[in-house]
Every structure is written in structure tokens, then in C-alpha cells.
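Subject: Structure handover

Hello,

Here is the structure you asked about. Please open it alongside this message; my notes follow below.

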Amino acid sequence: MSWFKGAHPSRIEMRREVKLYLGVAHGTKKHVPRTQVLLRTLWTQALSRPFVDVWPTLDAMADVTARGTITGASIKSAFRRRLLELQGGRCCYCRRWLANTAYAKPIEHILPRHHYPQFSVEFWNLAVACSDCNGAKTDNVWGAISTARRRYPRAQEFSDAFHPRFHRYDDHVRYVRLETNMSAVVLFTGLTPQGQHLCSSLLHRIAAKETLIENNPALAPAMDQIRSFDAKAEGMRLERFDAFREALDQSVMRLLE
């Protein structure tokens, strides 16, 4: 699904989309003006030198005004809602359905925060992924974008890596997902250099993991319960659970290797 008209979003389309998002930056209409101020403050802080990763600041935010309390969780919820509309309710990478499911819908940093802290809350650097893609995507730098730049790259600069906010998925990747009551088969094929990079860097592992889990009658229900709990626990700091999820993912990937 794509909201822009050409091969890449134009500057006019990008400005319009930012304006549309800011108009729904909070689920409660009366909190929208204050939320806009908070977001612009975070955007400015992130770009101050040395560059600052302000994502933890957003996570911990609890701004109290005369009209109520605005939290980081509420800001991210509104952003996620807008992105899911643009993504057609699917994961930005593997195209698994996310709308109307009990699974977690983590916000994905396309250029990783570890290397690009200045873009930690950049509007165009955020998408919504499934928990599997979000967990399997490493902090490796995709493409040749300089880590020292202050302005977010234009769409045309992502010539060697897939960018889910700028690229039409169907132009770069073909996928087949076949499911029955007890099994599933998932295949991804890259059609362009960007799509091939996405497949080799992420999607081939996601396909193998999904096939392994869904074809295991004992493992599949357990993973469903974990994903469901992950969604209900969103916003909570569950360090041991996060460590368990990471260890489980690593164990599954070792089985695949």
C-alpha cells in the first residue's frame, strides 16, 4: 500500500503527511496542540550536537498540563495508529497482518538508533513492524547513509537498502504466504537491489522462523501466547521478559542455521 503518487514521495506530499500526522498526534483532541509542542521539542533536542537519542525521553514522558496528562505511550499509540493506516494494517517488512490482532506492534527505527541517534524520533525514520521483524532486525547500518548527517536522507538516497516509508513494497519484494490449520509456508523474493537486500538481511530469516514455528504443533501455541502477552505488556519495563524473548529468538535462529 502506498499513499504517494510517484515512485517516491515528493516534498509536497511529505509536508502534507507530516501536517496530517500532527493533526492526530494524540488520541484526545484537546491534547493535540500540547503534543505538537512536545514533539517539536524532541525533534530539536535530537538534532543538537552531539546528537542525542531522545527515544528513552519519549518513553518516560509524562507531561502534566492544566488539561490533563500526556504520556509517551499515548503519543506512540497515536503515531502507530496513523502508520498502520498508511501500511494497510501490515508489518512494514514481512507484510504480516497487524490490524485487529492481539500481537504487539512495535515501532521500528529504520535507521537504527545506535548509529543514528539524531533520527531517534524523526517522523520518516519510524514504521510499524511485527515483533518478529523488530526483534530480528539488527543494528547493522543498511546502505551508505552517513551517520554524521543532520538532515534526514531523501527517498532517492536509499538506493541500496529498502526503506518502508519511501519505497512501494510491491515494486521491490514479492511474497507468498500459504497457511492451513496446522502448517504455513512463507517465501520472499527481492525484485530490485533494495528488495534483494531486505530479503538477504531480514526476510529469509523471518520466513524460515515462521515456517519452523507454525509447522511445530507444540511450539506454535506457545509462541502465540508469548506474542499476546507482549502486546498486553506494552509500555511496561519487563527486563527479564525482554531478555527471555531475545534468548528465545536467538535459540530459534541457531536452529535455523
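Lys209 is buried, because its relative accessible area is 4% and the cut-off for buried is under 20%. Keep in mind that this is a predicted model. The side chain of Lys209 meets that of Asp132 in a salt bridge, at 3.2 Å from N to O. This pair links distant parts of the chain. Asp132 sits in helix α5 and Lys209 in helix α7, 77 residues apart. Asp132 is buried too, at 2% relative accessibility.

Other salt bridges

How many salt bridges does a search of the whole structure find? The count is nine.

Take Lys76 and Asp59. They form a salt bridge, and their closest N and O atoms are 2.5 Å apart. Lys76 belongs to helix α4 (residues 72–86) and Asp59 to helix α3 (residues 55–59), so the bridge ties together parts 17 residues apart in sequence. Lys76 counts as buried, at 17% relative accessibility. Asp59 counts as partly exposed, at 34%.

Lys137 and Glu108 form another salt bridge, with 2.8 Å between the closest N and O atoms. Here again distant parts of the chain are linked. Lys137 is in the loop between α5 and α6, while Glu108 is in strand β3 (residues 107–109). The two are 29 residues apart. Both Lys137 and Glu108 are buried.

There is also a network.

Arg11, Arg15, Arg151 and Arg154 form a positive surface patch. Arg154 is located in the loop between α5 (131–136) and α6 (169–172). Is Arg154 buried, partly exposed or exposed? Arg154 counts as partly exposed, because its relative accessibility is 41% and that class runs between 20% and 50%.

Two threonines

Thr192 lies in the loop between β6 (184–190) and α7 (193–214). With 17% relative accessibility, Thr192 counts as buried. Its side chain makes a polar contact with the side chain of His172, at 2.6 Å.

Thr69 is in strand β2 (residues 68–71). Thr69 is partly exposed, with a relative accessible area of 42%. What separates Thr69 from His31 in sequence and in space? In sequence, 38 residues; in space, 8.4 Å from C-alpha to C-alpha.

Backbone points to check by eye

Most residues other than glycine have a negative phi, and most peptide bonds are trans. Two places here deserve a look on that account.

First, a cis peptide bond joins Arg49 and Pro50, with omega about -5°. Pro50 is in the loop between α2 (32–46) and α3.

Second, Arg95 has a positive phi, near 70°, and is not a glycine. Arg95 is in the loop between α4 and β3. Arg95 is also buried, with a relative accessible area of 10%.

Best wishes

Note on methods. Residues are numbered from 1 along each chain as its sequence is written. This is a predicted model: local features need pLDDT of at least 70, side-chain atom pairs count only at pLDDT 80 or more; totals for chains, interfaces and linings use all residues. Side-chain values use heavy atoms; hydrogens and water are left out. Patches are made of residues with over 30% relative accessible area and no salt bridge: like charges are joined within 9 Å, nonpolar side chains (Val, Leu, Ile, Met, Phe, Trp, Tyr) within 5 Å. Accessible areas come from the Shrake-Rupley method with a 1.4 Å probe; for residues, only the protein chains shown count as cover. A salt bridge is a side-chain nitrogen of Lys or Arg within 4 Å of a carboxyl oxygen of Asp or Glu. Lys and Arg count as positive and Asp and Glu as negative; His and the chain ends are not counted. The place of a charge is taken as NZ of Lys, CZ of Arg, CG of Asp or CD of Glu. Helices (H or I, at least four residues) and strands (E, at least two) are DSSP runs, numbered from the N terminus. Buried means under 20% relative accessible area, exposed over 50%, partly exposed in between (1.4 Å probe, protein chains only). A polar contact is a pair of N or O atoms within 3.5 Å; within protein, one must be able to donate a hydrogen and the other to accept it, and residues adjacent in sequence count only if both atoms are side-chain atoms.
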